[in-house]
Every structure is written in structure tokens, then in C-alpha cells.
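Colleague: I'd like to learn how to read a fold with you. Could you take me through it feature by feature?

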Amino acid sequence: SLPPPSGQPRPDGACHGAWATGRSRVRKLKSRNSICYVSTLNSSTGTKDLSKMNYSISRIASLLNLTEPANTAEISYLLTDSRSLLHPAGTLFFALRTPSGDGHNFIPELYARGVRNFVTEHLPADAAEMLEANFLVVPSPLDALQTIAAAHRAQYHIPVIGITGSRGKTTVKEWAHTLLRGTYNTARSLT
């Protein structure tokens with residue numbers, strides 16, 4: 001399994017750090033307050049696998065039981081925080097509502113910055129002016145995000161161990177790695 005996102009962001013918004021997985025090297029490509037895009041690079045073959053997300057907007061609409069959007073797009077990044085935008089052309093923004101804000105308020109700004117694909121609860125008032133945009137309107141953008149993540153994860157048959165809690169996660173992570181590394185190929189944070 002891939003480790004959870006962590007690490008310190010660089011000035012360009014990317015994370016630094018690496019995870020070891022036997023002969024593979026897992027590296028973080030971006031982070032901050034949004035979902036980290038994580039890629040696995042096999043050092044012996046140079047191939048990427050596991051978490052490389054690359055779906056057409058039509059495929060994502062199909063996963064959400066929606067009709068095919070009018071505009072075509074390839075999606076490689078899922079975004080939940082407008083401040084973390086790095087690759088507008090390949091980004092799908094989820095307009096999440098939280099107690100402190102509403103992602104729908106950031107759609108015009110993101111469109112101006114080059115994002116063309118959005119998952120929303122409703123069409124924005126100025127949607128007619130966003131001719132190149134795809135709006136996937138769903139009852140809950142959070143549920144849509146979880147559906148896409150579950151479909152992506154279902155492609156891989158790799159056991160996952162999640163360690164949660166407020167104290168002792170690093171100790172348990174190291175202990176589990178030490179215990180399992182003789183029998184299994186494991187991934188863990190090096191920081």
C-alpha cells in the first residue's frame with residue numbers, strides 16, 4: 001500500500017521526501033492541503049504504476065452514473081483546495097462544503113487559472129460564461145470523490161494496513177515494518 005501523504009511543502013508547492021518499497025521508490029509529487037498525487041517508480045524498469053491516475057472525464061462521469069460531458073479532458077489530479085493548484089489542465093476540482101467554507105465560491109477563480117473540470121452540487125450562476133468547462137453535478141461532491149477513489153483503489157489487489165490515532169503512530173509503523181519486512185514487500189514513510 002502507499003503511505004499517507006506527509007512532508008514539508010517546498011516553495012513551489014511540491015512535497016519532498018521518499019518512501020522505500022523494496023526495489024521501488026515511491027515519491028510525493030505534490031501536496032499542501034489537498035490530496036497528494038503519489039507515483040510509484042520502479043527503479044529497475046523505470047515504469048510508473050499503482051497510483052498513477054489518468055482517466056478521461058467521460059470515464060469519471062461514467063463512474064458517477066452521469067451523462068458524458070460535452071468537452072473532452074484527461075484527468076490526472078484531484079483537487080479539493082484551490083490554493084494547491086499546480087496542473088490546471090489535468091485537474092478535477094471537487095467543490096466541497098465545510099463548516100468554514102464552500103468550494104463552489106472558488107470555481108470562477110479556478111476557471112480563470114485554467115481548470116476546466118469541476119464536481120459540484122449545482123451549476124454556478126456564471127456557468128454559461130464558462131464555455132470550456134465540464135460540470136459534473138452530483139448530490140455530494142465528497143461522495144463523488146470517495147466513489148472515484150474506491151474505483152481507482154479496486155484496480156489493485158494490495159493489502160493495506162492503516163495506522164490511526166493521536167499518539168504512537170510512528171512507533172507502531174516502525175514496529176509493523178520491522179515485523180513484516182522479512183515476509184512482505186512493505187511501504188513506509190522514511191520521515
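Modeller: We'll go through the sheet, the cores, a surface patch and the salt bridges.

Modeller: This is a predicted model, where local features need pLDDT of at least 70, side-chain atom pairs count only at pLDDT 80 or more, and totals for chains, interfaces and linings use all residues. Residues are numbered from 1 along each chain as its sequence is written, and side-chain values use heavy atoms, with hydrogens and water left out.

Colleague: Let's begin with the sheet. What is the order of the strands in the open sheet?

Modeller: In general, strands of a sheet pair through backbone hydrogen bonds, either parallel or antiparallel. Strands here are DSSP runs of E, at least two residues long, and helices are runs of H or I, at least four, numbered from the N terminus; two strands pair if DSSP finds at least two bridges between them. In this model four strands form an open sheet in the order S7-S8-S11-S12, with parallel pairing. S7 and S12 (134–137) are the edge strands with a single partner each, so one side of each has no neighbour in the sheet. On average, neighbouring strands are turned by 20° against each other, direction ignored, using axes fitted to C-alpha atoms (for helices over the stretch in contact) and angles that run from 0 to 180 degrees between N-to-C directions.

Colleague: How many bridges join S8 to S11?

Modeller: Three, with S8 and S11 (residues 117–120) running parallel. Phe93 has Phe118 as its bridge partner there, and Phe94 stands opposite Val119. On the other flank, S7 (residues 77–79) pairs with S8 over three bridges, and Tyr77 is partnered by Thr91.

Colleague: Which way do the side chains of S8 point?

Modeller: Thr91 and Phe93 point one way from S8 (residues 91–94), Leu92 and Phe94 the other way, and all are buried. Buried means under 20% relative accessible area, exposed over 50%, and partly exposed in between (1.4 Å probe, protein chains only). S11 reads likewise: Asn117 and Val119 point one way, Phe118 and Thr120 the other, and all are buried.

Colleague: Which residues have the most contacts inside the largest nonpolar core?

Modeller: In soluble globular proteins, nonpolar side chains tend to be buried together. A core here is a set of buried Ala, Val, Leu, Ile, Met, Phe, Trp, Tyr and Cys residues joined through side-chain atoms within 4.5 Å. The largest has 17 residues, and Ile60, Leu78, Leu92 and Phe94 have the most contacts inside it. Helix H1 (57–63), S8 and helix H3 (141–153) each give two or more residues to this core. Another core, of 13 residues, lies apart from it and includes Leu85, Phe118, Met130 and Ala133.

Colleague: And salt bridges: how many does the count come to?

Modeller: Side chains of opposite charge can pair when their charged atoms come close. With a Lys or Arg side-chain nitrogen within 4 Å of an Asp or Glu carboxyl oxygen as the rule, the count comes to six. One of them joins Arg83 and Asp81 at 2.7 Å, N to O; Arg83 is exposed at 56% relative accessibility, while Asp81 is buried at 10%.

Colleague: Where do Arg116 and Glu132 lie?

Modeller: Arg116 is in the loop between helix H2 (107–112) and S11, and Glu132 in the loop between S11 and S12, so the pair ties together parts that are 16 residues apart in sequence. Their closest N and O atoms are 2.9 Å apart. Salt bridges with shared partners also join Arg97, Asp102 and Glu121 into one network.
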